[in-house]
Amino acid sequence: MALAQRQVTVQEGPLYRTEGSHVTLWCKVSGYQGPAEQNFQWSIYLPSAPEREVQIVSTVDPSFPYAIYTQRVRSRGIFVERLQGDAVLLHITELQDRDAGQYECHTPNTDERYFGSYSAKMNLVVIPDSLRVTAVPQTLNKVEHDSLELKCEVSKSTAQHSHVSIAWYRQRGSEAPVEIISLSRDFVLRAGSAYAQRQATGDVRLDKVGETTSKLTIYNLHPSDQGEFYCEAAEWIQDPDDSWYAMTRKRSQGAVVNVQATDKEFSVRLETEKRMYIVGEPVEFRCILEAQNVPDRYFSISWAFNSSLIASLGPNAVPVLNNEFAQREALGQLKVAKESDNVFVLKIYHLRLEDSGKYNCRVTEREKTVTGDFIDKESKRPKNIPITVMPLKTSISLEIINNASSVLEGESLRFGCNVRSGLGPQSRLSVSWQLLDKLNRRSEIVRLDREGTLHPGPAYAERSSYGGIQVEQVRPGSFTLEIFNSVKADEGHYECRVAEWTRTLDGEWQMVGERHTSTLVSITALEAGFAVTAISRTPGVTYNESFDLQCIIKPHYPSWVPVSVTWRFQPAGSTEFHDLVTFTRDGGVQWGDRAAGFRTRTAIEKAESSNNVRLSISRASDTEAGKYQCVAELWRKNYNSSWTRLADRTSNLLEIRVLRPVTKLQVSKSKRSITLVENRPIPLNCSVKSQTSPDSHFAVLWYVHKPSDADGKLILKTTHSSAFEYGTYAEEEGLRGRLQFERSAAGGLFSLTVQRAEVRDSGSYYCHVEEWLLSPNHAWYKLAEEVSGRTEVTVKQPDNRLQVKQTHKNITVLENEWVTLECLNSTVRDSGAYSCRVEEWLLDPSDRWYKRAEELSGLITLTVKQPDPTLQVDTATANLTVQEKESFPLDCSILSRSSPESHFAVTWYNLRAKEAGDHAEEGEEEEEEREAVLSVGPDAIFSPEAGRWEGRLRFQRLSAVLFRLTVLQAGGADTGNYSCRVEEWLADPNGVWYRLAEEESGMVAVHVQDAGSTLQSVICSNDALFYFVFFYPFPIFGILIITILLVRFKSRNSSKNSEGKNGVPLLWIKEPHLNYSPTCLEPPVLSIHPGTID
């Protein structure tokens, strides 16, 4: 038995790639034994150490990469894509300069013995990215029909031979870019579909204006040309397999072009299909008007031949032809018409030799006046179009074309048979299509006679009746044959036979001649190489993760090939397969009878460009664990719409394992001890330091272990659904009413508090935590459990610490002050000795009070006395002179008081000389009498006013210590001395008022002047006073001024800067101004003004 030789093939090198680009290298193995899915390992030999292997990435061993590549492999900067079981693609997403070297692809041995090659090498060269694409960013405002020129500079400095392609694009907003024109790497100029017509007419150009600069020119701008223009360049290099690879692709900055439409401008374009015609052929000229709002405007059209008028059409579109062309129009040989608002047609049905020449049209815009007449405005005409009419030829030549020389079974066969030479106006053609198979058997497919009647061949009559064969005359002299849904029997040589017929003078048809040409078509059977493979990148997943299954169909059929794919499933632990889902041949999806559990979490997708079917399953659970297999059926649709199954294939088995997540549960193991007094709460904490998932729920079981017990006893259990269950210990010890459970908002801290602790609650407490998760099938399962550290709790009765202060002390306080003997407000009779007895009572855990201790304090001797009087009244004397009928105030000011709580009684007295018949002798003292003017008691009660004071007194209390009595309407009898007497009153603790002190103020001498006596009269009547006021001040002020001037003069000599000590300027006083009145009517006024600072 001959064994296949293993052969590893890698992409041919050397490959030149630019730094920073995405690079792929393929590797495949053939002739191997063992599993269909082979493993691959990639390594590199660096130029600096060509003998040393540096491991990069492996499909089987995650630890395979060396340290310098580990991070890039983990971040998928370098990864391996499996194309199929025996072929992979190495991806380097961002090529670095250090990635240059010799790459080796190695496949681990799966054969019975070593035979063949197990690795292959190739070289990768990293070159700098030197491509530069620059354009000036600008904003251009253009008007319709203007020209646009944009330049783009593309440069490179690559040492290797490379080509550059350039393309210009226009983009508006979020729309897809529109290609304008491009120059390929092979120097082929090609316009985009939107600009192909304008490039053909020369309105769009791409020119090279320098070594590295290309210029885009667009003539006759349209409003639709508005947008952002940019150029894109790519640098291409030819790989060793002769294929071209785009190493780098870059775009320039954009230029924003705004095109403003013109309202009244219009343009005219003349078009025809070709320039060369044969006598008898038809020709059509189209005069196209390009303008805005054409239906709302008026235009007239005129047609000319060699500058001679053929016909004209006014705004009413009624043609008017001249004599010669009017006759041809009457015979149906010529037509002038308006096809649409902006398209006008001149058509000659049968050309003559004399019709050769130049044709043109003229468009004139006309304006309608208020009278309904038309006046001509602007007129335009395009360039002349010359045509040449040639005489009839007597021979024809053929060419046959087909869509492909080799097609896949089921594809359509399309043939074109073109008569290359011209025909006479009276000639007709007949066409016959025939097939010569591999056995040289000829059969007629279909025949089209000169009258246009179709005649299918005997072997193709039924197929043609179902529309499987179609013959069409696309245009005169051009015929097509299309065979739909080809089969293997349609393979062979296809022959086109064309015969030319002309009518003789007697009206009979005569065949002038016949020509034929043929082409070979080979058809590949659909079932050739048909195979199916199932692959998956994730054979093992965790709960709630997703996994994909790929059913790969080979060969790569087009999407129209009908293939049905069925995924089958064998649950884990079962031996029976059942259909999961089927992607039918017509694109429908059918679910199996037992796939109800899969439908809500399964997506099936068929690739647009192939028949590969991907099965994606999300939120994996135990239900989806098992073996998967796909079955593919290849179908062919016959011409009569019936179906034939050509082949079916079954893939390999894929086993998917679904695992529970790895637990991350960690509970705090810290130990602690708590000692507390009876009746205090016992705080117990259970902290989850880490959890597997944010959605984890926890069941917490609280235990207490006592030295007398072998195991801990359950106190309380909270389930993962937050339900409470009391343990046997809580029931036995009556703890239900004393337990309080809490869970923190963060979710990781659980607290249990035992209220009103008792001595018997002492013990070792701990918690048992269970982590629960919700499975993808919405069922809770316990993932893990862990026990916390222990908390040692000791509960004891409180110590007897009652102690009352035994210190003896004496306290002396003033009456009415506070004493620190439990809020005792003292009075004089409160003096004595005090002590207190203290009893301490406690509440036991059973809510019963008991006396714990008692003790007697030391004696406190208390002496209470009245406050010392500190009353003081202002005793200063004062003189007061008032005019008659004026008011004068009498103030009584208290300078100090004994207590802020004092009240005052105030009495004003008037002391004046007694009235007598005769004046006393000189030297004898005059007798005075004391009269009470007004009394105000401590309770603010006023005494009655005396007769002469009645209605003339006003009392004011300006503050707590200032009282004022104002005497109104003063008279001469009010002259005398006044004083006030103040009594200070205090209330004892029982609210009884007593007088503490009293004091009298100083005298105020009040002199009431008669209304006729003024200051002027007083001064002028007294000589001594007159001289004292008006004469004595002048010499005194003169001496003062002289003294100031002397001091000032001396200071100026000692200091030029006129500064005093420490630089402070001196203040000088100017000469006083004296205002003097020589009469006694006004007193002299003396004013001294302040000086200035020098």
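Modeller: In this predicted model, the residues that line the second largest pocket divide into 15 nonpolar, 7 polar and 8 charged, where Ala, Val, Leu, Ile, Met, Phe, Trp, Tyr, Cys and Pro count as nonpolar, Asp, Glu, Lys and Arg as charged, and the others, Gly among them, as polar. The residues are numbered from 1 along each chain as its sequence is written, and the side-chain values rest on heavy atoms, with hydrogens and water left out. Local features need pLDDT of at least 70 and side-chain atom pairs count only at pLDDT 80 or more, whereas totals for chains, interfaces and linings use all residues.

The lining of this pocket comprises 30 residues, and E37, T59, R82, S536 and R537 are the ones that lie nearest its centre. A pocket here is an open set of points on a 1 Å grid over the protein atoms alone, where a 1.4 Å probe fits, with protein on both sides within 12 Å along at least five of seven lines, and a lining residue has an atom within 4 Å of a point. The space in the second largest pocket comes to about 920 Å³, a volume being the space filled by probe spheres set on the points, which are joined across faces, edges and corners. At least two residues of the lining come from each of strand 5 (54-58), strand 6 (78-84), strand 42 (531-535) and strand 52 (654-659). Among the contributors, strand 6 gives the most, with 5 residues. Strands (E, at least two residues) and helices (H or I, at least four) are DSSP runs, numbered from the N terminus.

S307 is exposed, because its relative accessible area is 77%; exposed means over 50%, buried under 20% and partly exposed in between, with a 1.4 Å probe and protein chains only.

Two peptide bonds in the model also deserve mention. The bond from G13 to P14 is cis, with omega near 0 degrees, and P14 sits in the loop between strand 1 (7-10) and strand 2 (15-18). The bond from K554 to P555 is cis as well, with omega near -5 degrees, and P555 falls in the loop between strand 44 (547-554) and strand 45 (563-571).

Another loop, the one between strand 7 (87-92) and strand 8 (101-106), holds A100, which counts as buried because its relative accessible area is 16%. From A100 to V125 the C-alpha atoms are 5.1 Å apart in space, although the two residues are 25 apart in sequence.

Turning to charged side chains, the structure holds 51 salt bridges, each defined as a side-chain nitrogen of Lys or Arg within 4 Å of a carboxyl oxygen of Asp or Glu. Side chains of opposite charge can pair when their charged atoms come close.

The side chains of R981 and E1000 meet in a salt bridge at 3.8 Å, N to O. This pair links distant parts of the chain, with R981 in strand 78 (residues 976-987) and E1000 in strand 79 (residues 993-1000), 19 residues apart. R981 is partly exposed, at 25% relative accessibility, and E1000 is partly exposed, at 24%. Both residues belong to a network of salt bridges that links R930, R981, E998 and E1000.
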